[in-house]
Amino acid sequence: MLSNNRLELLKIKLDKQFQQLKVKFKAHYQDFRLYDLGSITINGLTPKKGYSIKSNIAYGLKARQRLDLYLSHQTHNKALIVFVHGGAWNHGDKSAYKFVGEAFSRYGYNVAIMNYHLAPEHKFPSYVDDLAVALNYLEQQQTRLGITTDKIALMGHSAGAFNIASLLYHPKSYALALKPNIKAMIGIAGPYHFDYKGDALAEDAFDQAIPYQQVMPYYFVAKNDVKHYLFLAENDQIVKPSNSFDFKQQLHEQGNHCEILTIPKTGHISIMGSVSSLFSRFFMTRSEIIKVLDDAMNKA
């Protein structure tokens with residue numbers, strides 16, 4: 001039987017090894033971030049026709065409160081997509097997602113791609129607050145910007161999917177004049193129901209003293225008419241599919257719409273990259289998103 005001293009030494013050793021594994025896991029994840037390794041190439045090869053860009057628009061007074069607006073040249077604009085990037089709440093930039101703006105503006109959608117405040121300097125709910133500020137700005141300035149906010153689709157990848165879900169289902173209510181205009185939520189590989197305590201990727205983004213049951217959108221679902229579409233990557237090694245299935249169950253229990261769509265041959269990062277016009281012919285991601293978007297907006 002081990003003595004107390006040996007048990008304590010073993011505990012210290014195991015804790016040290018665990019911390020080292022966390023560091024390695026974070027580094028491994030960062031090595032495969034699409035917007036670090038591939039976005040420059042993808043954006044450089046993204047078609048430049050069919051849309052115009054209004055860059056670095058200040059939607060608030062703070063440095064990270066900026067967005068890029070992709071305006072479709074189609075005469076009939078279907079709706080406005082507000083896209084929120086991923087990056088475990090501590091990384092990412094709107095400049096990496098030109099391919100998203102092009103991918104959907106070619107189908108008649110205007111696309112706003114926003115930055116938000118990042119961890120560890122900023123924690124939940126600061127990045128959800130930013131989304132609310134951006135939406136209010138877009139609504140107030142729609143005429144000047146040349147858009148309409150009559151029909152809005154919120155779209156987010158990974159942490160961004162959490163952000164858009166949290167805007168809709170949050171312990172506090174956001175004052176949004178255009179909330180009734182949010183017709184669809186497109187969550188791509190999103191975490192909606194998980195314990196962030198000790199999580200190697202998420203722990204810096206949340207106050208560890210606050211239980212996840214007081215934060216996760218899963219716990220605050222309320223009845224509404226939003227169409228929810230949750231996209232899963234078949235080979236996702238970062239976010240567990242239970243996040244989406246749990247969230248869907250809660251939405252259905254409140255009488256809300258929700259569909260889950262699994263995209264074959266994709267992982268947590270590649271599911272986002274596969275919407276690019278360069279790769280969409282090889283994957284069903286963009287075509288499925290366009291299908292559900294058109295359906296949601298036509299029924300709105």
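Accessible areas come from the Shrake-Rupley method with a 1.4 Å probe, where for residues only the protein chains shown count as cover. In this predicted model, local features need pLDDT of at least 70 and side-chain atom pairs count only at pLDDT 80 or more, while totals for chains, interfaces and linings use all residues. Residues are numbered from 1 along each chain as its sequence is written, and side-chain values use heavy atoms, with hydrogens and water left out.

**View 1. The surface of the protein.** The protein exposes about 13,900 Å², of which carbon and sulfur atoms supply 54%. Of its 300 residues, 54% count as buried, meaning under 20% relative accessible area with a 1.4 Å probe and protein chains only.

**View 2. The largest nonpolar core.** A nonpolar core is a set of buried Ala, Val, Leu, Ile, Met, Phe, Trp, Tyr and Cys residues joined through side-chain atoms within 4.5 Å. Among the 58 residues of the largest one, Val 82, Leu 167 and Phe 206 touch the most other members. Helix α5 (residues 126–140) gives this core its largest share, eight residues; helices here are DSSP runs of H or I with at least four residues, numbered from the N terminus.

**View 3. The surroundings of Phe 206.** Leaving aside residues up to four places away in sequence, Phe 206 touches residues including Trp 89, Phe 124, Tyr 127 and Met 216, a contact being heavy atoms within 4.5 Å.

**View 4. The meeting of α5 and α7.** Residues of α5, including Tyr 127 and Leu 131, meet residues of α7, including Phe 162 and Leu 167.

Notes:
Buried < 20%, exposed > 50% of the residue type's maximum accessible area, 1.4 Å probe, protein only. Helix = DSSP H or I, 4+ residues; strand = E, 2+ residues; numbered from the N terminus.
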